[in-house]
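Here is a short briefing on one protein chain. Look at the sequence and the model first, then read the points below.

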Amino acid sequence: MVVRNLGNTVTRDVAIAGGGVIGLAAAWKLGLGGRSVVVCDPDPGRGAAWVAAGMLAPANEAFFGEELLAHLLLAGAARWPRFAAELEDSIGSPIGFEPSGTVVVACDPSDRAALDRLLEFRQSVGAESARLNASECRRRIPALSPAISGGAEVPGDHQVDNRLLVSGLLRACRDAGVEFIAERVVAVELDRGGSATGLRTEAGTTIAAGAVLCAMGWRTGGLGGVPPAVWPEVRPVKGHILRLRGPEPIIPRTIRGLVRGRACYLVPRRDRSLVVGATVEEMGDDVRVQAGAVHTLLDDARALVPGIDELELSECSVGLRPGTPDNGPYVGWTEVPRLAVAAGHYRNGILLAPITAEALGALLDDRPVPGELAPFGASPRSAADRHVGTGR
Ligand SMILES: Cc1cc2nc3c(=O)[nH]c(=O)nc-3n(C[C@H](O)[C@H](O)[C@H](O)COP(=O)(O)OP(=O)(O)OC[C@H]3O[C@@H](n4cnc5c(N)ncnc54)[C@H](O)[C@@H]3O)c2cc1C
């Protein structure tokens with residue numbers, strides 16, 4: 001149901017600004033829990049999550065200096081089988097959740113040395129992997145280049161079809177009674193005591209609510225009505241990503257590779273498309289598809305799987321990840337009473353959507369959030385205290 005602006009004030013339990021994967025997952029779970037929820041977004045489901053690769057990769061996303069984040073990623077991954085089953089049950093169709101693991105490979109000997117160091121760190125934080133020599137890699141993925149120098153089996157890194165996921169969440173939200181207003185939010189409304197009482201849209205709709213959640217991806221923080229210092233620091237991080245297509249699946253499961261020091265991944269989908277990604281660029285909110293980035297991605301992907309030359313290049317796109325100073329998200333109440341934030345999930349918003357939704361349910365019930373999310377509260381000042389990021 002779409003609530004239109006007829007000059008009336010709409011009152012709900014929770015008003016959510018932003019219907020990306022985070023806002024939708026939260027809205028669905030809160031709606032299922034019996035709360036009245038309204039999501040305000042001019043184009044729900046079409047943010048970074050639409051462009052993304054859909055990898056659920058706690059091991060391959062664990063990096064030196066980010067131990068707390070690595071533990072959060074592992075906790076996020078543990079929620080996925082149940083979340084996927086519940087969502088598929090609710091909408092009656094698959095969302096492409098594939099718990100089939102990932103093969104990670106290194107191109108040359110220096111990539112191999114770098115990968116070995118990473119695997120050692122990842123094992124130290126509990127992310128499982130088993131080293132493979134080059135022929136063991138090729139036995140698993142026959143299309144791999146004969147030039148690769150080795151790799152590892154990473155059994156806990158899976159994938160979901162991100163587009164089926166956000167479409168499924170939209171349907172499940174509607175079935176759970178969540179309402180949508182297709183308008184851009186411009187401000188948080190406060191009462192005289194300074195507590196959040198709702199949202200105001202560009203078109204002048206006021207949504208009164210018992211609690212307000214801002215989940216606008218990299219744009220979180222741009223709203224009026226509250227002092228700018230309330231918002232945590234979130235910036236856009238550009239990512240080019242490609243979609244290829246062929247008559248047959250070229251690889252049976254996800255490959256991640258290091259190619260002359262650069263990271264590259266290939267994610268096969270059930271519909272025979274192949275997702276190839278992704279660049280990580282500090283370019284502000286630039287969403288132009290640039291020839292050089294497409295060239296680099298194709299070049300690196302060909303170094304891993306030469307047979308991609310035969311595939312059709314069906315889509316080149318750009319998404320903006322919500323980056324933060326320490327690469328970890330902000331999830332929790334802000335200094336403004338009844339105003340919560342769930343943003344800054346950077347490269348792992350799909351992986352972390354279920355645990356974030358769970359945490360928001362807990363916050364609204366005045367229960368503690370899952371322990372692994374506790375260091376990632378919404379206060380902008382807490383970032384420096386929790387851990388030092390790599391700036392990756
Ligand atoms: C190339 C690429 C590859 C990625 N691969 C993966 C991956 O494999 N695995 C993974 O876990 N993550 C991946 N990510 C990251 C993931 O997509 C993000 O972390 C995730 O989408 C963040 O979710 P979000 O809901 O916060 O933001 P988004 O998905 O960007 O959604 C934000 C929503 O807010 C809305 N909005 C913005 N401003 C307003 C406003 N003023 N009023 C109302 N609504 C507003 C937008 O319309 C949008 O719908 C990838 C990202 C990119 C770009």
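Two strands count as paired if DSSP finds at least two bridges between them. Helices (H or I, at least four residues) and strands (E, at least two) are DSSP runs, numbered from the N terminus. This is a predicted model: local features need pLDDT of at least 70, side-chain atom pairs count only at pLDDT 80 or more, and totals for chains, interfaces and linings use all residues. Residues are numbered from 1 along each chain as its sequence is written, and side-chain values use heavy atoms, with hydrogens and water left out.

- Start with strand E13 (residues 254-259) and its partner E14: they run antiparallel, joined by 5 bridges.
- E13 and E14 make a hairpin, with 2 residues between them. In that turn, Arg-260 has a positive phi of about 50°.
- On to strand E15 (residues 273-277): 4 bridges tie it to E14, again in antiparallel fashion.
- Here Tyr-265 has Gly-277 of E15 as its bridge partner.
- E14 and E15 also form a hairpin, this time with 4 residues between them. Arg-272 in the turn has a positive phi of about 75°.
- Is E14 mostly covered or mostly open? Strand E14 (residues 262-268) is mostly covered, with 5 of its 7 residues buried. Buried means under 20% relative accessible area, exposed means over 50%, and partly exposed lies in between (1.4 Å probe, protein chains only).
- In a regular strand, side chains alternate between the two faces of the sheet.

**The whole chain**

- The chain holds 9 helices and 18 strands.
- Its radius of gyration is 21 Å, close to the 21 Å that the globule rule gives for 392 residues, so the chain is as compact as a globular protein of that length. This radius is taken over C-alpha atoms, and the rule is 2.2 Å times the number of residues to the power 0.38.
- The C-alpha trace spans about 65 × 45 × 40 Å along its principal axes.
- Of the 392 residues, 56% count as buried.
- Take the contacts (heavy atoms within 4.5 Å) between residues at least 6 apart in sequence: 74% of them join residues at least 24 apart.
- The chain has 41 positive and 45 negative side chains, and the centres of the two sets lie 1 Å apart. Lys and Arg count as positive, Asp and Glu as negative; His and the chain ends are not counted. Each charge is placed at NZ of Lys, CZ of Arg, CG of Asp or CD of Glu.

**One arginine in a helix**

- Arg-163 sits in helix H6 (residues 162-175).
- Arg-163 counts as buried because its relative accessibility is 18%.
- Which residues does Arg-163 contact, leaving aside its neighbours within four places in sequence? They are Trp-50, Val-51, Arg-243 and Glu-315.
- Ser-36 is 127 residues from Arg-163 along the chain, and their C-alpha atoms are separated by 26 Å.

**Two loop residues with positive phi**

- Asn-327 is not a glycine, but its phi is positive, near 70°. Asn-327 lies in the loop between strand E16 (312-323) and strand E17 (330-333).
- With a relative accessible area of 5%, Asn-327 is buried.
- Arg-338 also has a positive phi, about 70°, without being a glycine. Find Arg-338 in the loop between E17 and strand E18 (339-343).
- Arg-338 is partly exposed, at 34% relative accessible area.
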